[in-house]
Amino acid sequence: MRILVTGANGFVGKNLVANLKNIKDGKNRTTNLNIAEVYSYDKDSTVEDLEYYCKNCDFVFNLAGVNRPENDKEFMEGNFGFASTLLDTLKKFDNKATVMLSSSIQATLIGRYADSDYGKSKLAGENLFFDYAKETGTKVLVYRFANLFGKWCRPNYNSVVATFCNNYANDLPIQINDPSVELELVYIDDLLEEMILALTGKEHHCEYEGVTPIAVDNGKYCYVPVSHKVTLQKIVDLLEEFKNQPQTGMIPSIPPHSFAKKLYSTYLSYLPKEKIAYDLKMNVDSRGSFTELLKTFDRGQFSVNISKPGITKGEHWHNTKWEFFIVVSGHARIQERRIDSDEIIEFDVNGEQIQAVHMLPGYTHNIINLSQTENLVTLMWANEQFDSNRPDTFSLKVKE
């Protein structure tokens, strides 16, 4: 399959082209789709390029369009005009490749979109494509996108999420007139998944009730079935958490497929170089060091412990707290003893065969660096964050 992507340098275009090339090069193992070529068309492409692509392509993603022109008449020229050129070129070569059109929810011309020149240009483009389908018998897929967000989206352009992420990442102010405003948002990776389905004829169809897509098997329009309705205040609250993470060490709750998970990935893509890496607070003494790495609300915390040669650490027990000790470098002996027993349990562990060892509640425990020359590096996980007011840690030697 040879695929043409117009608007290839735009937000959606860049993401789509990169992922289509992953499939073409055999790097995406989630699909058996056979892609022979990906044609990228944008403003710097030539008429000859467009003719070659339209002559040879098997599927077209038409993402080209104008979002922020200098004057409103450019909406019609950029959105309707190019669409007309594209379809005329396909007809010139009698190429009946399936064509996808990137339209907008503003094309409904309902409510706050009623007087939208952008919406009018998108609606004109939709009608052009539907007429083309009737005339040629070609399959046409018209998607009315809501607000899109994700990596590489241009801030201060047409995405409030991109603007907010960029500003928070770069310590710039944001402006919110009404924090209760709710947006319907579509994440770029969910959109890409739908685009790949469209290539295999498994796109999702719908009809519209106002601005709401209603799933219909043979609907006139197509849509991305995964979206998120989120207030501006919720977006800001999450971005505050993300921005503060290097200081708090706290990883926010980011369940699978959640808006928070997708927004966090988006936010990180806007970090400037000086914020990509940050120092952690190391607690250093003559025995080595102990450093808290990451904390979670309900999944405990991660730390790293470095013990100098011959050093023994630990020699304490907990009522409820429990831990994993995972030696990643060096050679150690871990000892545990239930506090009302004389029986000692021992585990010899090393970084060559990594194991996770439970530190059991009610068992005093230690970790001994058996090397006389090398440091011992141990990754530690505790089932709760350390609370200095309730440390649940009581000193007691394993061997009295």
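These legends describe close-up views of a predicted model.

**View 1. Strands E18 and E19 form a hairpin.** Strand E18 covers residues 331–338, and strand E19 covers residues 344–350. Between the two strands lie 5 residues. Their pairing is antiparallel and runs over 7 bridges. Within this pairing, Gln 335 stands opposite Glu 346 of E19.

**View 2. An open sheet is built from 3 strands.** The strand order is E6-E7-E11, with mixed pairing. Strand E6 (147–149) and strand E11 (228–231) are the edge strands. Each of these edge strands pairs on one side only. On average, neighbouring strands of this sheet are turned by 45° against each other, direction ignored.

**View 3. Strand E7 pairs with E11, and helix H6 packs on the sheet.** Strand E7 spans residues 182–187. E7 and E11 pair in the antiparallel sense over 4 bridges. Leu 185 has His 228 in E11 as its bridge partner. Helix H6 (residues 188–199) packs on this sheet, touching E6, E7 and E11. The direction of H6 makes about 55° with that of E7.

View 4. Tyr 278 sits in the loop between helix H9 (273–276) and strand E13 (282–285). Tyr 278 counts as partly exposed because its relative accessibility is 35%, and that class lies between the cut-offs of 20% and 50%.

Notes
Residues are numbered from 1 along each chain as its sequence is written. This is a predicted model: local features need pLDDT of at least 70, side-chain atom pairs count only at pLDDT 80 or more; totals for chains, interfaces and linings use all residues. Side-chain values use heavy atoms; hydrogens and water are left out. Two strands pair if DSSP finds at least two bridges between them. Axes are lines fitted to C-alpha atoms, for helices over the stretch in contact, and angles run from 0 to 180 degrees between N-to-C directions. Contact means heavy atoms within 4.5 Å. Buried means under 20% relative accessible area, exposed over 50%, partly exposed in between (1.4 Å probe, protein chains only).
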